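Here's a quick briefing on one protein model, put together for someone who likes to know the cut-offs. Have a look at the sequence and the fold, then read on.

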Amino acid sequence: MKKTLKPLIIGNWKLTPNTLDEAKKRYLETAKAHAKYKSTVDVVVCPPASFIAPLSLLKKSKTVSVGAQNVSFWTTGSKTGEISASQVRSCGATCSIVGHSERRALGETDEVVAEKVAEVVKCGMTAVVCIGETERDEEGAYLEVIKAQIKKGLARISKQEIHRVVIAYEPVWAIGRTDNVAITSHDLHQMAIFIHKYLKEIFGMAGDLIRIIYGGSVTPENAFDLYQNGGVSGFLPGRSSWDAKTFEGIFSGVSLALKEIKKATKIQSRQNTKTKVHKRK
Ligand code: PGA
């Protein structure tokens with residue numbers, strides 16, 4: 001599945017940086033770093049909402065897109081402090097993260113996530129829907145948590161709209177770890193298979209169009225292994241996207257892993273052809 005989809009790396013800037021000048025500098029450095037990887041990986045940064053418009057203006061011929069970290073499910077009216085999907089869209093956002101665990105911790109339910117996903121898609125953006133268990137239990141109850149988040153969060157999305165959805169698997173226990181301990185690539189692969197299977201159960205073949213990316217302490221050190229062996233189509237790093245050099249380390253890890261995957265696929269298909277010819281004889 002992921003072999004046919006260009007890797008997607010989305011930087012979640014969270015509540016950083018402090019000023020617009022710093023945001024512009026970080027954006028330009030990121031765009032420069034991405035220039036040599038633009039044919040191999042797609043990159044998006046999601047700054048705080050107030051920086052979306054100025055960074056989108058900087059974009060011009062640059063290849064790094066700008067997204068939102070959150071949108072309101074309200075569309076208009078007396079809703080002080082809310083920012084709608086169509087407003088961030090009109091400021092240049094091409095996608096929005098929805099249902100990040102840091103928002104779920106503030107009370108965002110799966111039902112609210114579903115409303116937001118529908119709104120983001122309706123406005124012509126991609127919804128990056130975050131799912132992930134808070135902890136893992138031996139009995140596997142966390143798998144039911146994942147299923148419920150997918151089912152409820154995508155409840156208002158049709159098969160025709162599903163190509164506008166990216167699933168970001170972000171186990172809460174792996175996010176923001178000071179020791180940078182992410183999931184193992186083996187466990188991630190198992191989870192990617194599980195999520196794909198469930199998406200196909202709901203959306204049929206259209207489920208194949210959904211990219212699954214991983215977030216939770218992704219670093220330049222683990223990006224290669226997580227991409228090569230994790231069965232995902234990209235990453236949603238937080239802290240590692242706040243410094244262009246570090247972020248570039250992730251582009252580089254993914255590009256190298258992609259080369260290895262392509263090499264292995266070629267060898268495999270050559271072997272398959274040989275076996276077929278051999279059998280015919
Ligand atoms: P982290 O954050 O990479 O800093 O762990 C990921 C996220 O919260 O999306």
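The largest pocket comes in at about 520 Å³. Keep in mind that this is a predicted model, where local features need pLDDT of at least 70, side-chain atom pairs count only at pLDDT 80 or more, and totals for chains, interfaces and linings use all residues. Residues are numbered from 1 along each chain as its sequence is written, and side-chain values use heavy atoms, with hydrogens and water left out.

**The pocket**

- Of the 25 residues lining the largest pocket, Q69, N70, V71, R103 and K116 are the closest to its centre.
- Two or more lining residues come from each of α4 (101-104) and α5 (110-122); helices here are DSSP runs of H or I with at least four residues, strands are E runs of at least two, and both are numbered from the N terminus.
- By class, the lining has twelve nonpolar, seven polar and six charged residues, with Ala, Val, Leu, Ile, Met, Phe, Trp, Tyr, Cys and Pro taken as nonpolar, Asp, Glu, Lys and Arg as charged, and the others, Gly among them, as polar.
- A pocket here is an open set of points on a 1 Å grid over the protein atoms alone, where a 1.4 Å probe fits, with protein on both sides within 12 Å along at least five of seven lines; lining residues have an atom within 4 Å of a point.
- Grid points are joined across faces, edges and corners, and the volume is the space filled by probe spheres set on them.

- Five of the five residues of β1 (residues 8-12) are buried, so the strand is largely enclosed by the rest of the structure; buried means under 20% relative accessible area, exposed over 50%, and partly exposed in between (1.4 Å probe, protein chains only).
- L8, I10 and N12 point one way from β1, while I9 and G11 point the other way.
- β1 pairs in parallel with β2 (residues 42-46) over five bridges, and pairing takes at least two DSSP bridges between two strands.
- N12 has C46 as its bridge partner in β2.
- On the β8 side (residues 234-235), two bridges join the parallel strands, and L8 is partnered with G234.

**Aromatics**

- There are five aromatic pairs in the structure, counted when ring centres of Phe, Tyr and Trp (its six-membered ring) lie within 6.5 Å; planes under 30 degrees apart are stacked, over 60 edge-to-face, and the rest tilted.
- F73 and W74 have ring centres 4.9 Å apart and planes at 25°, so that pair is stacked.
- F73 is partly exposed at 30% relative accessibility, and W74 is partly exposed at 38%.
- Ring pairs also link Y37, F247 and F251 into a cluster.
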